[in-house]
Amino acid sequence: MVKIKTISDFPKEYGEDRNFIDDGIYGVIDGSSPIQLVDCNGFTSQAEWFAERLAQNVLFYEGSIPERFKRAVKSLEVPSLPDKLLPCAVAAGVSIQDGYLKCYALGDCTILVELQDGTWQIITDDRISQYSRLTVIARNEAKARGLDEKEAVRKQMNKNRESMNSEGGFWTVAFKGDFSKEFVNVDFKLEDVKSCLIFSDGFARVFDIGIFFIRDILSERISLVEAIESLREYEKQQDIDEVKRHDDASAILLKF
């Protein structure tokens, strides 16, 4: 039996993170913040709409997690938007199949797998990190020169988009390209797994900033709720090197 703990925390009035959970399949989706917000089918942004629909539809299909996402995207009607404003998302998830924990990640969502011997492994897709960093650099340079930070971020995001879902660039769940072949995949024998933490980059700040250690969360010495509460308090008090002072944060903790 799997023991499940989850959290989704939105610092603004809407959120672009989602969890998806079913029997034997667990994961998080992070709708990528769009260059320009567009009200989409009643949602505040196209990213929020996309994440919500993916979280629902990915559970309707069978197959591996990448195959489910591919079918989920194909089931959606493409919004009438310019290509650069079409929604996209990153995701990470695990499925239990034939005695294995099968882990998949696309973009900067992450899976931490704790093994019975006390070690852990990290599964994520590093290809997107350099582009995220370029956006932070553009923001910081504009700030240092007294220029419009939002405009600098917008321009860099436009440049980043040119490298999305293309050879040598980064990959997302999107209407463009066969992203299903690009998921990072690592499998573990289920008997070797003690726990598993799946989380978005917003939750990753808990570890990146050093508020808590990985072991604190995996051992449940610190709950997911306590981790987020501490993160939000830190973000209020400290200047952090991120484009967003607060980001959506989602996590799923599985104990085996």
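Keep in mind that the model is predicted. There are 17 salt bridges in the structure, and helix H7 (residues 224-237) turns up both in a helix pair with H5 and in a salt bridge with strand E1.

**Helix H2 and its buried face**
- Helix H2 spans residues 65-74, and its buried residues are Ile65, Pro66, Arg68, Phe69, Ala72 and Val73.
- Looking down the axis of H2, you'd find those buried residues within an arc of 160 degrees, so they line one face of the helix.

**H5 against H7**
- Helix H5 (residues 201-208) packs on helix H7 at an angle of about 80 degrees, and the axes sit 10 Å apart.
- H5 is therefore roughly perpendicular to H7.
- On the H5 side the contact uses Gly202, Phe203, Arg205 and Val206, which meet Leu224, Ala227, Ile228, Leu231 and Glu235 of H7.
- Sorted by class, this contact has six nonpolar, one polar and two charged residues.

**Salt bridges**
- Asp9 and Arg232 pair through their side chains at 2.8 Å, N to O.
- Since Asp9 belongs to strand E1 (residues 3-9) and Arg232 to helix H7, this pair ties together parts that are 223 residues apart in sequence.
- Asp9 is partly exposed, at 23% relative accessible area, while Arg232 is buried, at 10%.
- Glu52 and Arg18 form another salt bridge, at 2.5 Å, N to O.
- Here Glu52 lies in helix H1 and Arg18 in strand E2, so parts 34 residues apart in sequence are tied together.
- Arg18 counts as buried, with 13% relative accessibility.
- Asp187 and Lys102 also meet in a salt bridge, at 2.9 Å, N to O.
- This pair links Asp187 in strand E9 (residues 184-189) to Lys102 in strand E5, 85 residues apart.
- Asp187 is partly exposed, at 32% relative accessible area, and Lys102 is buried, at 18%.
- Through shared partners, salt bridges join Asp9, Arg205, Arg232 and Glu235 into one network.

- Most residues other than glycine have a negative phi.
- Asn41 has a positive phi, near 50 degrees; Asn41 sits in the loop between E3 and H1 and is exposed, at 58% relative accessible area.
- Glu220 has a positive phi too, near 65 degrees; Glu220 is in the loop between helix H6 (214-218) and H7 and is partly exposed, at 27%.

Methods:
Residues numbered from 1 in each chain as written. Predicted model: local features only at pLDDT ≥ 70, side-chain atom pairs only at ≥ 80, totals over all residues. Heavy atoms only, no water. Buried < 20%, exposed > 50% of the residue type's maximum accessible area, 1.4 Å probe, protein only. Helix = DSSP H or I, 4+ residues; strand = E, 2+ residues; numbered from the N terminus. Arc of directions from axis to C-beta. Axes fitted to C-alpha atoms, helices over the stretch in contact; angles between N-to-C directions. Parallel < 35°, antiparallel > 145°, perpendicular 65-115°, else oblique. Contact = heavy atoms within 4.5 Å. Nonpolar A, V, L, I, M, F, W, Y, C, P; charged D, E, K, R; others polar. Salt bridge = Lys/Arg side-chain N within 4 Å of Asp/Glu carboxyl O.
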